[in-house]
Amino acid sequence: MKIAVLPGDGIGPEIVAQAVKVLEALRGDGLKIELEYAHLGGAGYDAAGDPFPPATEKLALAADAVLLGAVGGYQYDNLPRPMRPEQGLLRIRKGLGLFANLRPALVYPELVNASSLKPELVSGLDIMILRELTGDIYFGQPRGIRTMDNGERQGFDTMLYSESEIRRVAHVGFQIALKRGKKLCSVDKANVLDTSMFWREIVIDVAKDYPVIELSHMYVDNAAMQLVRAPKQFDVILTGNIFGDILSDEASMLTGSIGMLPSASLDAHNKGLYEPCHGSAPDIAGKDIANPLATILSVAMMMRYTFAREDIAQRIEAAVRKVLQQGLRTGDIYEAGMQKVGCTAMGDAVVAAL
Ligand code: NAD
């Protein structure tokens, strides 16, 4: 298992160090894990004048999987756009062809009160949002700001999906649904958008390969509403880039705790980039108080999706559950009566539970 480790900025190095402890513990158990480090984001700019330095690109391309902390920081806010940390993130996703973004929204029984929804609505919640990541209105051409003959200015973008882009992400969605509750809801805006009508047509065609999956379709406005009305009706949600951007943030907040949410971005061969959903949290960086669990759970996703080791994925997830059951909490998920611990202590507890 060749893993490129990119700690990044802010709390990135602290949380990644805890995930690496988990990987090292697994290596101690006999897994052949190779770790190699490189810079991304502000760290790349500081080290090599580039948020995605060539050495990082080379390492990421050669690795089976990439473990990323987070990028960004106030000190980089005034750099020209191509030098900004976030560009490093966009470039690595594009450079590796990571078109399938998986974000689970899972509510742990111990943290059910952290949700902004009533416990009965979210207790037992386990949704997977699959967002297409390299197409749609974010990448479609032409785009720009233009001045018309009458002097009026216009901003415009192009929503665009080709058949192959829809097919490959739909296949990923059905494959994931096969391993879960066998339900897939494709979200679009087919009542208004031609791109969405086409999306729906292709998804229905791909579904013929997966007769055991119960396929449904929902308009995105209704999906946004259903996610807060009755979120447990969903198993896997498949959607395009812009709708997925918005819905995955909405769904993640059902769980209440940004420090708990892992993500995976996969290419066509299950190579993946694994990272927590949160950012670099510069406000708490260097204080050893960040929650490392989202990053550790990202390692579980890596074992499941890139290395096809469901057994190890479940072992890591069980270790995380165990520390929550023991009452250990970082500040972001702390409740009265629990034991407050820092980032390092939380990482140590997960390794012990493992
Ligand atoms: P953020 O996710 O970094 O922080 C939002 C809030 O959540 C902060 O109060 C922070 O302290 C808290 N938080 C985040 N992660 C936490 C953790 N693991 N444990 C405890 N608390 C945690 O979002 P932001 O403040 O909007 O952005 C900060 C920087 O991160 C910006 O430069 C932004 O561009 C960048 N960012 C990067 C990524 C990424 O690397 N994928 C994603 C989002 C934002």
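Modeller: Buried here means under 20% relative accessible area, exposed over 50%, and partly exposed in between (1.4 Å probe, protein chains only). This is a predicted model: local features need pLDDT of at least 70, side-chain atom pairs count only at pLDDT 80 or more, and totals for chains, interfaces and linings use all residues. Residues are numbered from 1 along each chain as its sequence is written, and side-chain values use heavy atoms, leaving out hydrogens and water.

Biologist: Okay, which residues of helix H4 are buried?

Modeller: Helices (H or I, at least four residues) and strands (E, at least two) are DSSP runs, numbered from the N terminus. H4 covers residues 85–95, and Gly-97, with a positive phi near 65°, follows H4. Strands E1, E3 and E12 plus helices H2 and H3 are among what covers its buried residues. Those are Pro-85, Gln-87, Gly-88, Leu-89 and Ile-92.

Biologist: How much of the ligand's 810 Å² does the protein bury?

Modeller: Look at the polar contacts (N or O atom pairs within 3.5 Å). Ligand nitrogen atoms sit 3.3 Å from a side-chain N or O atom of Glu-275 and 3.1 Å from one of His-278, while a ligand oxygen is 2.8 Å from a backbone N or O atom of Ala-281. Of the 810 Å² that the ligand exposes alone (Shrake-Rupley, 1.4 Å probe), the protein buries 67%.

Biologist: And what separates the centres of domain 1 and domain 2?

Modeller: The domain assignment gives domain 1 as 1–99 + 267–354 and domain 2 as 101–257. Taken over C-alpha atoms, the centres are separated by 24 Å.

Definitions and conventions. Contact means heavy atoms within 4.5 Å. A polar contact is a pair of N or O atoms within 3.5 Å; within protein, one must be able to donate a hydrogen and the other to accept it, and residues adjacent in sequence count only if both atoms are side-chain atoms. Domain bounds come from an automatic or database domain assignment.
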